[in-house]
Amino acid sequence: MKKYKLIVKYLDDKADFTDEQQAQRGALRLAGHLNCALCHLKLGSWSEAKEQCNSALEFDNNSEKALFRRAQVLYCTRKFWFGVVLSHISTILVMSSANE
């Protein structure tokens, strides 16, 4: 997890990227946040996992992985309204069927 956090921190701090590198930067930042979220989920660090999912969704508000992992956090902590979790899962299903 330290490596993922280091990658995200490095990419957040650096602003002198070329246009081509900027496109790759966004994808790497998203992947870094998603991987951190997964690590926190496995460790049971719910608030950190949710925070990482929220950060990932700032880059891509249609990220299926971020929505699914945030739904997992809400379910595991029992701090959810059924409608919120259902909304996340429904969004993922709609996006998945559109990609097929």
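**Exercise 1. Which helix has the lowest confidence in the chain, and which the highest?**

Solution. Now go helix by helix. Confidence is lowest in α5 (residues 82-99), at a mean of 71, and highest in α3, at 92. Keep in mind that where pLDDT is low, the predicted coordinates should not be read in detail.

**Exercise 2. What span should helix α2 have at 1.5 Å a residue?**

Solution. Helix α2 covers residues 19-43, which makes 25 residues. The expected span is 1.5 Å times one less than that number, so α2 should span 36 Å. The end C-alpha atoms of α2 are 37 Å apart, which agrees.

**Exercise 3. Is Arg-29 buried or exposed?**

Solution. First place the residue: Arg-29 lies in α2. Its relative accessible area is 16%, and buried means under 20%, so Arg-29 is buried. Then look for its partners: leaving out residues up to four places away in sequence, Arg-29 touches Val-8, Leu-11, Asp-12 and Phe-59. Helices that cover the buried residues of α2 include α1 (2-13), α3 (46-59) and α4 (64-77).

**Exercise 4. How are α2 and α3 arranged relative to each other?**

Solution. Take the angle: α2 and α3 pack at about 160 degrees, with their axes 8 Å apart. Angles over 145 count as roughly antiparallel, so this describes the pair. Their crossing is left-handed. Finally, check the contacts: the α2 residues involved include Arg-29, Leu-30 and His-33, while those of α3 include Trp-46, Glu-48 and Phe-59.

Conventions
Residues are numbered from 1 along each chain as its sequence is written. This is a predicted model: local features need pLDDT of at least 70, side-chain atom pairs count only at pLDDT 80 or more; totals for chains, interfaces and linings use all residues. Side-chain values use heavy atoms; hydrogens and water are left out. Helices (H or I, at least four residues) and strands (E, at least two) are DSSP runs, numbered from the N terminus. Contact means heavy atoms within 4.5 Å. pLDDT is the predictor's confidence in each residue, from 0 to 100. Buried means under 20% relative accessible area, exposed over 50%, partly exposed in between (1.4 Å probe, protein chains only). Axes are lines fitted to C-alpha atoms, for helices over the stretch in contact, and angles run from 0 to 180 degrees between N-to-C directions. Angles under 35 degrees count as roughly parallel, over 145 as roughly antiparallel, 65 to 115 as roughly perpendicular and the rest as oblique. A crossing is left-handed if the near helix is turned anticlockwise from the far one by less than a right angle, and right-handed if clockwise.
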